[in-house]
Amino acid sequence: MTRLAAFVSSLCFCSCGFAQSELDARAAAPIDLSGYWVTIITPDWRERMVTPAKGDYLAVPINAAAQKVADAWDPARDEAAGEQCRSYGAPALMATPTRLHITWQDANTLKVETDYGMQTRLLHFGNWKAPAGPATWQGDSTAAWELAGGVAGPRGRDRTPGERSKFGNLTVDTTHIRPGYLRKNGIPYSANARVTEYWDLFNGPNGDQRIMITQQVEDPQYLWRTWITTLNFKKESDGAKWDPTPCSARW
Amino acid sequence: MGSDTVLGEVVEPMFPFIRRSAGPGLRAVSLWAALLVTVPLFGQTDIAGVWAFIAGQYGQENGNGSELADYTGIPINDEGRAVGLSFSPTMWSEPGRQCQFYSPRYISTGPFALTIWNDIDPVTGRVIAWNMNAWIDKDIVTIWMDGRPHPSPNAFHSFGGFTTGAWEGDTLVTRTTHMKWSYLRINGLQHSDRATLTQYIVRHGNLLSVMAYFEDPVFLTEPYVLTSVWELNPKANGPRFPPACEPINESPRLEDTSIVPHYLPDRNPFANDFAKYYNLPLEAAQGSAETMYPEFRKKLKDVYVPPQKCVRYCCDTRDPAVKCIRDGTGIVR
């Protein structure tokens with residue numbers, strides 16, 4: 001019975017924690033996310049490409065408390081308070097009109113920079129512990145690789161023992177985020193917001209590469225239900241179009 | 001069941017290099033090694049089920065429908081725009097169009113639930129095909145997994161098209177050809193019968209995410225790439241085969257008039273409405289590949305001023321405590 005208990009606990013440990021136990025996340029990466037990427041703004045264009053009208057909350061599952069806060073949105077007040085970056089926090093940033101520059105800061109830290117608002121997200125692999133201190137716009141992010149299971153390729157053969165999967169995705173969990181806006185026009189998220197992301201990489205039929213991010217924002221204080229969206233980034237050959245612009249409360 | 005039985009009847013068949021005849025230490029090491037290289041342990045991703053579309057994006061398109069002449073963020077060419085501007089919504093009342101299927105492009109982005117099931121070869125147990133059904137107004141898309149080739153370019157085109165698929169890791173990659181022309185967007189943009197659709201379908205727990213890669217050499221200058229997400233509804237009992245469409249004339253005033261609803265070039269009276277409603281330059285509203293990219297904002301920065309307040313299609317949250325304008329009437333509900 002002892003061996004059976006050990007076997008069951010082994011199953012639990014391996015299915016949940018294999019990727020996290022890696023010592024070198026960069027070497028273990030099943031996909032290469034590094035490089036320059038540009039967002040493609042298609043759905044909800046008028047809410048994402050430009051500053052929407054006050055009171056435009058389409059597609060966001062707000063509750064009445066959020067509506068009350070958003071209806072009082074005042075960009076001049078945010079500017080006066082030095083809070084121009086309120087719509088650039090982790091729950092909002094990936095949906096903005098931005099380019100990404102993704103690099104490895106070290107073997108276990110993936111750095112995601114944006115030119116829109118000049119923000120930096122640090123995605124920490126392994127047993128990273130968040131430092132004490134005030135919440136930040138990008139919060140504390142822990143990351144892990146999820147390796148593909150099951151069949152390894154188009155012919156449907158099983159992977160052989162020892163064969164490393166060349167497929168997988170990135171998962172990111174972000175908390176401890178400074179309160180801000182889900183959209184430029186003042187839809188709020190609270191200090192208790194949590195963002196969960198799945199990053200997938202696809203090779204398009206015309207040879208380009210795309211990142212799809214499936215993003216969940218949980219915030220019981222201001223959202224009626226979890227807000228789940230998907231985002232689309234296309235790889236660029238270099239940083240020629242990288243255009244850093246500071247945060248703005250209005251544009 | 002004792003632990004030796006588990007080892008013999010469950011573990012050994014999965015990992016034949018682990019033997020009960022080996023010593024306990026070697027068995028433990030072998031078991032750990034097996035587990036470390038085979039995560040997760042069990043088979044191909046199962047994407048079967050009824051998947052509810054999540055209202056969190058495509059707000060207006062999946063709610064009340066896109067505004068007429070809103071082509072923002074769509075890489076159409078001049079021909080695509082001209083065809084879109086010839087569209088009148090009363091077209092749907094023509095007898096021949098009342099039950100016209102939407103394109104598989106609309107399976108990729110909702111708004112209706114997606115039912116997926118597979119067809120199994122009864123002899124080999126292998127999956128021959130996956131099927132996708134998304135309500136009454138769309139053809140079932142059958143994704144052939146058995147390696148069969150696409151037919152000749154001159155073969156019959158159907159509303160559902162012809163689709164093949166293959167697994168790349170945990171992602172099902174599908175390729176659809178042989179579609180009939182249909183609507184690229186519900187507000188009248190079209191795709192041609194030369195369009196192709198490539199989908200990347202991946203499951204994350206109870207979420208199903210899809211990237212749809214739509215290409216059309218006739219009406220698009222770049223791929224139109226859309227992403228969407230569904231949530232598994234384990235209690236749903238969605239029909240695999242939808243009931244037949246029942247023709248209904250939604251515009252009785254057109255009955256027996258011989259009028260074919262359309263607009264001649266430059267005669268669409270609604271062509272500028274979307275731009276006016278949202279203070280956008282017409283160049284943005286009329287779409288193009290350029291409008292998809294962040295640098296397009298440089299053209300907008302000095303000409304765009306947000307409307308004072310939202311007066312149309314302002315929210316779609318299902319929280320009944322939120323009172324706001326939910327459609328084009330301007331009435332708070």
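I began with strand β1 of chain A, residues 35–39. Its partner is strand β2 of chain A, residues 99–106. The two run antiparallel, and I found four bridges joining them. I also looked up Y36(A): it stands opposite H101(A) in β2(A). This is a predicted model, so I kept an eye on confidence as I went.

Next I followed the strands onward. In chain A they form a closed barrel of nine strands, in the order β1-β2-β3-β4-β5-β6-β9-β10-β11. Pairing in the barrel is mixed. From one strand to the next, the twist averages 30°.

Then I turned to helix α4 of chain A, residues 64–71. Which residues of α4 are buried? I noted A66(A), Q67(A) and A70(A). Seen down the axis of α4(A), the buried residues fall within an arc of 100°, so they line one face of the helix. The cover over them includes β8 of chain A, residues 188–189.

I checked confidence in chain A. Mean pLDDT is 89, and 85% of the residues reach 70 or more. Two stretches I marked for caution. Over residues 1–20 of chain A, pLDDT stays under 50, and the model has 22 contacts beyond four places in sequence for them. Over residues 150–156 of chain A, pLDDT also stays under 50, with 17 such contacts.

Among contacts in chain B between residues at least 6 apart in sequence, 55% join residues at least 24 apart.

Conventions. Residues numbered from 1 in each chain as written. Chains lettered and ligands numbered in written order. Predicted model: local features only at pLDDT ≥ 70, side-chain atom pairs only at ≥ 80, totals over all residues. pLDDT = per-residue confidence, 0-100. Contact = placed C-beta atoms within 7 Å. Buried ≥ 20, exposed ≤ 12 C-beta atoms within 10 Å, placed from the backbone. Arc of directions from axis to C-beta. Pairing = 2+ DSSP bridges. Axes fitted to C-alpha atoms, helices over the stretch in contact; angles between N-to-C directions.
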